[in-house]
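Hi everyone, thanks for making time today. Please bring up the sequence and the model on your screens, and we'll walk through a few spots together.

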Amino acid sequence: MGLFSSNFDRPGPGVSKDEPHDNRFIHYWKIYGRHFWDLSKLNLLFAIPASLLFIACIVIAVKTNNAILAGLPLIALSPFLAGLTYETRNFIREEHVFILHDFVAKLKENWKQFLVNGLICYVVYEILGISISFYLRNQAKIGTAFLVFASAVSLMILFIFTAMQFYIPLQIVTFDMKLRQMYKNAGIFSIAALGWNLIGFLISGFLVLFLYFLVWAGQYMPLLLMVAILLAVFLIWSFWSYTINSLAYPTIDRLMIQPVLKKEAAERGEYIKSEKDFVDDDDEEDDDEE
């Protein structure tokens, strides 16, 4: 059974609607374990363009010695997040995924909005990077009080904007709306789910630093460089996307999807259970047993 055989497009197994309700942490690992090989294949699909574009960044950096120009190829990577986000979202929702077909289809369907968002991210992160670097280099000239204030504002903007990026790709592959509205929603979610966003921010930062350490240490221990390459090819991208979407999707589901479903169900005279209802049902069963 080859990696690129017909099984590459085979959907994952479904899940019974009567399966017990797990907490988020257990649910996260159960799904990850169930779809580990599918996520590895998905990671490989994303790693191919990512590797080529990162090589382009290195070439431009060497030729121009300009960090701003060197980051330009990363804008072209953003459309490939469409396939990555769509499929990891479907794993979270326990819906069928055709790895290769869905990746290409969602890339074609959503590339424009992802490209525009990628351009916005590039501009914002470049401005923040230049600002923070400037404050740190000119501490004596700027003054301690202003430096602390400016740095705090820059870091706050960095956190909020990064948290917004946890929700914008999910909205693009889930809803048909203007990017402007998605940014407005993401701004609300960045505050409404502050705790989960902080966890996502810390996980993202840890993964970046971990890969950086492996690459840096790889200069002295080639084995670590090989580990970094294998992680980038088979694990890190899909793991990051699956983890961030696992943190972000429940907020989108609670604040955007469920209200619409409940309204439509009410118009049909139906009722949709919420998570609270599942908890209440479990309590009633325990009372009956007593």
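Let's begin with Lys 106, which lies over the face of Tyr 86, 4.5 Å from the ring centre. Do keep in mind that this is a predicted model. There is another charge over a ring to look at: Arg 24 sits over the face of Trp 196, and here the distance to the ring centre is 3.8 Å.

Now for rings meeting rings. How many aromatic pairs does the count come to? The answer is 19. Take Tyr 28 and Trp 29: their ring centres are 4.7 Å apart and their planes stand at 90°, which is over the 60 degrees needed, so we call this pair edge-to-face. Is Tyr 28 buried or exposed? Tyr 28 is buried, with a relative accessible area of 11%, while Trp 29 is partly exposed at 41%.

Compare that with Phe 213 and Trp 216, a tilted pair with 6.4 Å from centre to centre and 35° between the planes. These two belong to helix H11 and are three residues apart, so about one helical turn separates them. Phe 213 is partly exposed, at 43% relative accessibility, and Trp 216 is partly exposed too, at 41%.

Some of the rings join up into a cluster. Ring pairs link Phe 25, Tyr 28, Trp 29, Tyr 32, Phe 36, Trp 37, Phe 239 and Tyr 242.

Let's stay with H11 and bring in a partner. Two packed helices are described by the angle between their axes and the distance between the axes. For H11, residues 194-217, and H13, residues 236-267, the angle is about 170° and the axes are 9 Å apart.

Who makes the contact? On the H11 side we find Trp 196, Ile 199, Gly 200, Ile 203, Ser 204, Leu 207 and Leu 211. H13 brings Ile 236, Phe 239, Trp 240, Thr 243, Ile 244 and Leu 247. By class, that contact has ten nonpolar residues, three polar ones and no charged ones.

One last stop in H13: Asn 245. Asn 245 is buried, with a relative accessible area of 4%. Which residues is Asn 245 in contact with, leaving aside its neighbours within four places in sequence? They are Thr 85, Thr 88, Arg 89, Ile 92, Phe 166, Leu 170 and Pro 250.

Definitions and conventions. Residues numbered from 1 in each chain as written. Predicted model: local features only at pLDDT ≥ 70, side-chain atom pairs only at ≥ 80, totals over all residues. Heavy atoms only, no water. Axes fitted to C-alpha atoms, helices over the stretch in contact; angles between N-to-C directions. Helix = DSSP H or I, 4+ residues; strand = E, 2+ residues; numbered from the N terminus. Contact = heavy atoms within 4.5 Å. Nonpolar A, V, L, I, M, F, W, Y, C, P; charged D, E, K, R; others polar. Buried < 20%, exposed > 50% of the residue type's maximum accessible area, 1.4 Å probe, protein only. Phe/Tyr/Trp six-rings, centres within 6.5 Å; stacked < 30°, edge-to-face > 60°. Lys NZ or Arg CZ within 6 Å of the ring centre and 35° of its normal.
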